[in-house]
Structure formats: structure tokens, C-alpha cells
Amino acid sequence: MKTYLNLIHIFQRPTSFEGVSMRTSLFSLSGTALFGATLALAACQATPSPDTALMSQASPAAKTQQTKGILQSPDDAGQEMKFPFGAEVLTIDTSKTLQFNPKELPLDSKGEPFGVLPAEFEGDGFFMSVHHPAPKAEESSEQVFNQYVYPVLKANGLELATQTLQPDPAPSVSNGGNLKLQLRDAVMAYGTDARKLKKMVAAAGGLDKVMDDMLQIGEGTTLQGFIQDLTIPQVHHVWRQTYDGIPVEGAMITATARQGQGIHSIRGTAFNNISPLNEVAFEADTAEQIALSFISDHFQLENPSFENPQLVLMPAQSGHLYAWRLQPVDYSFSQEIPPKGTFPDQQLLFNQTFNSMIWIDASSGEILAFQVNGIGAEVGGAGRAFNRDPGTGPSTGGNPTVTTYGFQVDGASGGNYQLKLSNVINRVDRGGDGGSNDVSISSSNNGSSASYANFDQSPLNTTTGRRTVCAQAASHNAAFSEVDFYAAIYKVWSRAIGNGVINTDTIKFPRSAWSPKVNRNFCNANASMDYGAGDCFFSDSACPDCTDTGGCSSVLNFAHDHTIVAHELAHNIGWQQFCQRPGCGPDCTGTCGTGPSWHDLADLWAATYEENPCIAGWSVKNDNGIDNSLYCNPLHDEGGWLPRLLSPADRFPEHMDLNGDGTTENDGEYANMQIGSYALWEVRQGMKSRCPPSGVPAFERRLMLALQSLSHSYTAPVGSDSGVYQAFRALLREMVNQWATSTNTGTYENGSPSTNKVTAGFAKAGIFLVARDAVIDVDDNDSGDSDVDWLSRTDAPPTFHVWTGERHGFSGNNYTFPAILPCNNQFRVAASNSSTFGAGTVWSAWTDATDCKGTFTLSEGDWNTLKGASGVTKLYYKAETRNQTILGTTSTRSSVSPGNGAFSVPAAYAMVNDTGTEGGCSAGGAQNTSFGVLLMSLALAHLWYRRRRA
């Protein structure tokens, strides 16, 4: 199996150089695929800027007899660059099959066996869900092991592995959600004063009843359950596998609970048979010298050093390899570390924290795998910023639409406020000149005081047409760019904190404060918040409507497009979740170092934080013609360039072959992660459709928890079709688990009725828990609105979409479309006014599925019976699927038992009213309901954020 390491991510962008057309490209090194926060946007210039470095075409000679890894470019005319990285490590040995015995499973609190997604092979991941975890006091790791872990491993055929598991010293506890920051973000995003919203809440009357009614309609929960679900931390009990005291890379078992609740899931990877294929021929000091030589050959670092060399066992195709794992000491975000020497010719900006791990064969000295990852007193303040970008929303006379955003800055120094926040955001640097012309305001004039920094003042808030969005315009207001950039960074950071990104006393988010640079003269941006712009912004008199003549001629300012700001910062979110989680230090043997690369889920975070699935729809709007790519309509890029759109085209497995050459070898990580980002975007939209006030924050918080759980579970490398699919399936099961174990009334019940929004979102992207499954969603058949879960009783009957499982198979590690599809081939739908589907339930006939899916629309008569006469009526629905080619009942699947019973959830329901809009989810139809009610819910938690004013 070929696996890939993301070394440097580059957005693909057509360029021309000395009359020759070429395309910058996404490169990968063979080895471990891991989240890589190292991101450089396309270096678009035809010639290098001072901020880029050229890579040499030379490649080092092979040093060992093992199969070498390949660094490939789709546009190198088929030429392959050989690199000394083994391609046969971190694979699953499919010859070592496991036998699953469900009789060994323990019983849950209701006397039922666990839900099961078993491992098939040694080194394959398994997942177990406790359907009904009982509320109980915290349990010790020893109790959890005896009650849950041992029997689960035994049932999976991994009993021998239990003899080599070592518990972590203490359970790992994640952050709870911070509703105060969620509220603050909503306030600043909508430019509404929190005190006015508080009065609006009070005026609504009956606060608890209003909120309980709204949440019961939208999510089937209470206010108490909703607050608990969005704020409670997760607790992870971790066991790592060792062999003679040597950690086995990627082998760990985790049992997870919500704090104060019982264990709700167990996941992990373990080996019954560990067979070292080599011997340890040298010690740590020699490994350090080998690593030092490697780093010095590839990067321009001054006095690199390493910490915590550790001997580990690396899973290989037919056994394990002793290897030394080394981690270079981190370098700061502000230090540029350009590559050199042995990489292909490429323009790069490498201006991020240099964090990496190196694995060295302990016998031969070969580099087995190498990864690079980039990645005080406060007062309230505010300043104007774009609404997502200069083109969003209505404008007058061509002036961009802006909003006053609330944020925090450090206390005044020398009678002045600056755009900085200790340990989070260093002072914004315009032009990268060290601060000679950067924004500073008086702490006592123009609305500022000792407790409030008013950056919403002239000329900082003046946004007049072209002078705001074009540097060459007369009297360009460059200072506005600083305030806008700071507000955009602060907004995403605070929202991530509110969602519960890992941020503790010892693990900070970010690890080191960002040093934001804006209006830099290079066509690039990266995750350390270093932002440039293209020729259109800096020098074209036609700005912002510039002609695309190649390179960056038509590109505007990346910092003005908040989807790009959010995207870059979100790379830090991913890194924080996977490689800075509690318990994952230099000796971490979980996914930090051995799992898939999730870096381009940054697109998903950008889409959800900025409410738009088109990434860079403004800054690259002139690509292929003036406004031809504006908001991805009609043009967008499905690869590494911009703008990118999360759309139905991002489906597994077709999206894997992005360049249409019949293979998936060179299509890259951005293509892979678009599949996952699209699936999650559909989940997000489904939750928003049910009830925006509860659905959107619930999605963001549960996604954060799912990623944290995933970081405690080894999943296959993503360098192959099957590896990519395994990774997405692992993400899906963690997402379903968050919904299936969510709190309803403050204690565990039976999961969330909106779980189908998760399975349906992933089904649209071609991803399922098992090959034969049952997934269903509702459609109000109204293309004019997005709240498909709200049905109008005066409109035509709704349609139900059903998916019956996977369309693809695998031949080796490559996807195929077999003649007989692996999914179930028939389905039927049930609709009812009763959650128990009793009397009056309407069942469709068994219907043949086409291409593993189908639809069913209620008849007019049945719709008239089920839709109710007035008020809000719940219409419950579920699906069953079966395979006629399999005898007996084993082929039947149900949408209320996702993953063939791995989970147990309530039936989904749609809401029927007289309008077909989400008015029933908006506290009696009050104005500004979508976020007004969200703020009401947060207010009831008594976590109002008080903005300090003079």
C-alpha cells in the first residue's frame, strides 16, 4: 500500500514563465500521512519574490534496499523524483484476519449488547458504541478496562493484545464549550448590542418555556439538555500498546465518556502478533546525527536540535520495524524556514512553526517516514470589517458593506491602543515592515476609554469604493485593512474557543501567538497569518475588475476575503485537535504521527464560520475572466487552486480521480479533503434546516468533539483509495456517536432525532458506516428555501430520499464499481405522527434501488392524514433496506440502527406548519429569529458577555 506524507501544501494555479505554461502543484512524500498545518497558498508570480525560495531539482541517492517513496508532480511529464522514504510502512496486513465473537460483549445499562463496528484485520480500527450509557460517577481507568475494554477486545479476537496494553497515567479531559464566547461571536457577527438582545429576551416572556418549546420542536431536547450537551467536556481513558516496553506506533485503545457520565464508546487499534523484522543496531545519539544530517540537507535551519528521541515499533506490511522517532525543537512562527537542496524547483513561502517528526530505521539508518507540520490584561473594543468580503450584501454607490465587530485588545500602553492580544495575536503588521506605519489609537479620545478601545472611528472606518479594496486607488485606506484583518482573525479564534478547541493551562491555542501581516506584496497566504495580495490589488488601475493574464494578475487581497482568513486559521484548529491534545506529547503514539491528514477540513470550518461553501469567492473572482469565479458562479476549482466550492461533485470515489487520468495517484490531499468537507457541510446545512438557533452551534461543538475523539484512534493512512475511505468512515462513526450519545433532558436518553442529518450528509458524499446500510432524509420540494425540514401543509406532499449503502468496492487498495453493487437493492419508507410508528403509520411498498438510492413521495391522501390541521405537527419517518440476493433477515437494515445496529437512535422527524418555514423554531416567530433565539438560549445559561463601554 502506498501511503503519502503531506510535506508542503500548495494551491495549484496556472502560471506562465518565459512563454512556457506550467502549473504549480501539490507535492507529497511517501511515508506517514498526517494532519499538516503547513500550508502555503499558490506562489503565483512568474518570478520569485523575496518571500519565496526556489527548490532544487536534485534528488538524493537511494540509501537502502527497501522500496523508495516517490515525490510526484502531475505536470512533470511522468517523471518521478526518487526519495529515500520507505513506502511499505504503516499498512494493514490483510493476511492476519480476526474473528469477531459478539457473545463476549458486555451489556449496557439496559441489558443490551454494545453496538459493533468490528476490526477485520490486525491493525484495523474497531469501534464500539454503548447504546444507553447510564449516568454515573467518574470511573477509574482500571474499572473502565475491566468492564469495557477487555471484553470488547476479546470479542474482536484481540485478547492477546490486552497483555501488552499500558494505561496512560491519567485520563485525558477535553475542553467544554464556552457559551460566553459563542454569544460574543454572534453579537459581533451581527452588529447587535448584547444589552438590547437581553431586553428582547426578557420581553418575550416565559423564558424557560419559550426555549424548551423551541428546542423540543427543533432538536427534541430541553434547554437543560441543550446547554449540557454543548458545554460538557469529554473524558478519554487511553491505553497504549507496547512490546517489551517499546511503544507500538499507532496502537492504542480509548474509552470515552462525557464528564460525569458513563462510558459511551470504545475505539482503537491493537496487534495480537508483533514480529520485529529488524534489530536495533545503534543508539539515540546516532539517530540524532542521522536526523540532523537529513534536516540540514533539506531546510535552512540554524543549529537545529532534537528532543525526546524514542525507540518505537512501526507497523509494516508483514510485521514491525524498530525505529527511532525524533522531534525537532519547535521554531517560532515568525522565523522563515525555506527548504533547500533536494526538492524540485518550486516557489514556496515556508514561514511557520517548524514542527516535525522523523522515523529512522533502527537497523539500517534509513528515513522511514518524515512529516512536517506548520503550524494579559484585556479590554473590549470594536472596529469595522467586511461582511465576509467587500462584495457581500447590498452596497450604496459601490461602497463595500461593512459591520462593526466587537473584539478584545490588550490594555493601553503609553496612552494608546494597538491591534494586539497577548498570547493570541501579536500586533498587526501592515506590509511586513516591522510596524513603522501600523494602526494605533488614543485610549482617551474618539470614543475610547480605559476600558474600551474604539477602532470604529475615522479614518479607520472609512470605506469608500475602490480606495478600500484597491491599493493603487487614490488615498487608499490601508489602515482599514489592519482593523478588518484583526477582526476576522479574532472572530474565528473566539468561535473556535467557544466550540471547545483544546486550550488548557499547558496547551494553548494558538501554541504561540500569531504575528499577522497584511497587504504584503506577494500572492500568498499561510496558516501563520501572513497575508499578501495579487497584482490586481496592488497595481492594476482596473481593480477590482482585473483581466486574467496568468499568474496573479487578477488576484485581489486574500486578507479581504474572510473565508481565506478562516481557512488559514482553521489549519491551526486541526493541528491543535490532533497533535496538541492532552496526552499527545513527544511520546504520543496516536494519530499524531500515524493517522490521516485532515488539513483541508479547513475549507469546512471556513464555510461554516462564514456561512458560505465557496472559499475565496471574492479574492479570486476574476480567475478565467472578470467575475467569472465570483462566489464560485459559474467557475470554481475542484483541486488545489481557488475558488473552491463544497458541492455534490465532491463525492467518493469519483472525486478521487480529479485530473481525469484514470488514477488517483496525483490528485492530492485537497481533492480528498473536499469530499469530507462537503459531507460535513451537508450535515451542517441539515442541522441548520431543522432549527438554526440550536442546529448550527450543536454541529460546530459536536464536530469539535468528534475530531478530538478521532485523534485518540488510529485510522489508516490516506495515500490510497481504501485509506481515504477508511479515514472518512472513521470520521463518520465519531460524528454519529456524538449525536447518538447527545444529552436530551440533562441525562442520557436515546440520542438525537437529528442523527439522520449526519448519515445523510455523508451519504451524499458517498460515505457509509457499513457497505449495506439504510439512510433517509426529507425534502420539502421547495427550491426557494433551505429549511427542507419544515413542511407547509398547504404545499404538495414531501419526498423522502433513501440511500441503501456503498456503490463502490475495492480491488486491492483501488476503488472499483463492481457489476453487483455491494449496497442493498430494495428499500421502503415509513411515515407517521407517532414516534413509535403505531396506528396510522404509512408504509411504502418495497422498491428497487437504482445506483444504491431511491425516493418515495407521500400520496395526497396520506399527506392529508398526516399533516395535521393547525400549529406544528411532527412527521416521523424512517427507512428500511434489504438485499433480495441474501436469504433470511440478516440483510435488513434500518435508519434507526445506523451501521447495522452499531448505534441506536430515535426516528427522524420533519415539522409541518402553515408556512413551511422555521417559524416554530423561533420562539413564536419573533423578528431576527435565527440568531436572536440562539442568543436567547445562551442568555439563559447566564453567560452574557458584557461589552465594556465608556
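A search of the whole structure turns up 19 aromatic pairs. Take F509 and W514: their ring centres are 5.8 Å apart and the planes sit at 85°, so this pair is edge-to-face. Keep in mind that this is a predicted model. On the charge side, the count comes to 27 salt bridges. Below are the details, by topic.

**Aromatic rings**

- F652 and Y725 make a tilted pair, with 4.9 Å from centre to centre and 40° between the planes.
- That pair links distant parts of the chain, as F652 lies in the loop between β30 (644-645) and α12 (668-690) while Y725 is in helix α14 (residues 721-740), 73 residues apart.
- Both F652 and Y725 are buried.
- There is also a cluster, in which ring pairs link F407, F455, Y486, Y490 and W493.

**Charges over rings**

- R690 has its charged end over the ring of Y909, 4.6 Å from the ring's centre.
- R702 lies over the face of W739, and here the distance to the ring centre is 4.9 Å.

**Salt bridges**

- K491 pairs with E610 in a salt bridge, with the closest N and O atoms 2.8 Å apart.
- K491 belongs to helix α8 (residues 478-499) and E610 to helix α11 (residues 602-610), so this bridge ties together parts 119 residues apart in sequence.
- Both ends count as buried, K491 at 4% relative accessibility and E610 at 8%.
- R495 and E700 also meet in a salt bridge, at 2.5 Å from N to O.
- This one links distant parts of the chain too: R495 is in helix α8 and E700 in helix α13 (residues 692-710), 205 residues apart.
- R495 counts as buried at 11% relative accessibility, and E700 does at 3%.
- D530 bridges to R520, with 2.9 Å between the closest N and O atoms.
- Here the partners are in strands, D530 in β28 (residues 530-532) and R520 in β27 (residues 517-520), so the parts tied together are 10 residues apart in sequence.
- D530 and R520 are both buried.
- A network of salt bridges links E654, R807, D851 and K853.

- E638 is in the loop between β29 (614-615) and β30.
- E638 is buried but has no salt bridge, and the nearest side chain of opposite charge, R644, is 8.1 Å away.
- What E638 does have is a polar contact of 3.0 Å with the side chain of H636.
- Leaving aside neighbours within four places in sequence, the contacts of E638 include L645, S647, D650, H655 and Q674.

- Most residues other than glycine have a negative phi, and most peptide bonds are trans.
- The peptide bond from S458 to P459 is cis, with omega near 5°; P459 lies in the loop between β26 (452-454) and α7 (466-469).
- The bond from F652 to P653 is cis as well, again with omega near 5°, and P653 is in the loop between β30 and α12.
- A616 isn't a glycine, yet its phi is positive, near 70°.
- A616 is in the loop between β29 and β30 and is buried at 0% relative accessibility.
- N624 has a positive phi of about 65° without being a glycine, and N624 is also found in the loop between β29 and β30.

Definitions and conventions. Residues numbered from 1 in each chain as written. Predicted model: local features only at pLDDT ≥ 70, side-chain atom pairs only at ≥ 80, totals over all residues. Heavy atoms only, no water. Phe/Tyr/Trp six-rings, centres within 6.5 Å; stacked < 30°, edge-to-face > 60°. Helix = DSSP H or I, 4+ residues; strand = E, 2+ residues; numbered from the N terminus. Buried < 20%, exposed > 50% of the residue type's maximum accessible area, 1.4 Å probe, protein only. Lys NZ or Arg CZ within 6 Å of the ring centre and 35° of its normal. Lys, Arg positive; Asp, Glu negative; His and termini not counted. Salt bridge = Lys/Arg side-chain N within 4 Å of Asp/Glu carboxyl O. Polar contact = N/O pair within 3.5 Å; in protein donor to acceptor, adjacent residues only side chain to side chain. Contact = heavy atoms within 4.5 Å.
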